[in-house]
Amino acid sequence: MVMGKKKMQFEVQSNESIEDCLNRMKKLGYTPVRRTEKPIFQEIKKGNETIYEPIARQIIFEGTLIE
């Protein structure tokens, strides 16, 4: 996800570790400045009640271009 030439967002993919994502950023010439985590929920229905249960998390790093 591109934000501009100097800033870019990098999402940690399901098949890589956080360290792998940071290394990918470094190879492209970016350094991390912000980390954002978002929970991913699963909807479970029990009778008339709906329960939202966290099942995973999405980690996104915002990086700035190293000059």
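**Entry 1: Glu16**

Helices (H or I, at least four residues) and strands (E, at least two) are DSSP runs, numbered from the N terminus. The model is a predicted one: local features need pLDDT of at least 70, side-chain atom pairs count only at pLDDT 80 or more, and totals for chains, interfaces and linings use all residues. Residues are numbered from 1 along each chain as its sequence is written, and side-chain values use heavy atoms, with hydrogens and water left out.

Is Glu16 buried or exposed? Glu16 counts as buried, at 18% relative accessibility. I take buried as under 20% relative accessible area, exposed as over 50%, and partly exposed as in between (1.4 Å probe, protein chains only).

I then listed the polar contacts of Glu16. A polar contact is a pair of N or O atoms within 3.5 Å; within protein, one must be able to donate a hydrogen and the other to accept it, and residues adjacent in sequence count only if both atoms are side-chain atoms. The side chains of Glu16 and Arg24 are joined by a polar contact of 2.7 Å. A polar atom of the Glu16 side chain also lies 3.1 Å from the backbone nitrogen of Gln13. With neighbours within four places in sequence left aside, Glu16 is in contact (heavy atoms within 4.5 Å) with Glu11, Cys21 and Arg24.

**Entry 2: the loop and strand β1**

Gln13 lies in the loop between β1 and α1, and I noted it as partly exposed at 39% relative accessibility.

Ser14 is in the loop between β1 and α1 and is exposed, with a relative accessible area of 83%. From C-alpha to C-alpha, Ser14 is 9.0 Å from Gln58, and the two are 44 residues apart in sequence.

Glu11 lies in strand β1 and counts as partly exposed at 34% relative accessibility. Which residues does Glu11 contact, leaving aside its neighbours within four places in sequence? I found Glu16, Cys21, Arg24, Gln58, Ile59 and Ile60. The side chains of Glu11 and Gln58 are joined by a polar contact of 3.2 Å. The C-alpha atoms of Glu11 and Ile59 are separated by 5.9 Å, although the residues are 48 apart along the chain.

**Entry 3: the nonpolar core**

I searched for nonpolar cores, each a set of buried Ala, Val, Leu, Ile, Met, Phe, Trp, Tyr and Cys residues joined through side-chain atoms within 4.5 Å. The largest has eight residues: Met8, Phe10, Val12, Cys21, Met25, Tyr30, Ile59 and Phe61. Two or more of these residues come from each of β1 (7-11), α1 (18-27) and β3 (49-65).

For Met25, apart from neighbours within four places in sequence, I get contacts with Phe10, Tyr30, Thr31, Pro32, Phe61, Glu62 and Gly63.

**Entry 4: the aromatic pair**

How many aromatic pairs does a search of the whole structure find? I find one. The ring centres of Phe10 and Tyr30 are 5.5 Å apart and the planes are at 65°, so the pair is edge-to-face. Rings of Phe, Tyr and Trp (its six-membered ring) pair if their centres lie within 6.5 Å; planes under 30 degrees apart count as stacked, over 60 as edge-to-face and the rest as tilted. Phe10 lies in strand β1 and Tyr30 in strand β2 (residues 30-46), so the pair ties together parts that are 20 residues apart in sequence. Phe10 is buried at 3% relative accessibility, and Tyr30 is buried with a relative accessible area of 9%.

**Entry 5: Tyr52**

Tyr52 lies in strand β3 and counts as exposed at 52% relative accessibility. Not counting residues up to four places away in sequence, Tyr52 touches Phe41, Gln42 and Glu43. A polar contact of 3.1 Å joins the side chains of Tyr52 and Glu43. I also checked Tyr52 against Lys6: they are 46 residues apart in sequence and 37 Å apart in space, C-alpha to C-alpha.

**Entry 6: the whole chain**

I counted one helix and three strands in the chain, in the order β-α-β-β from the N terminus on. The C-alpha atoms fill a box of roughly 55 × 20 × 15 Å along the principal axes. Of the 67 residues, 19% count as buried. Among contacts between residues at least 6 apart in sequence, 52% join residues at least 24 apart.
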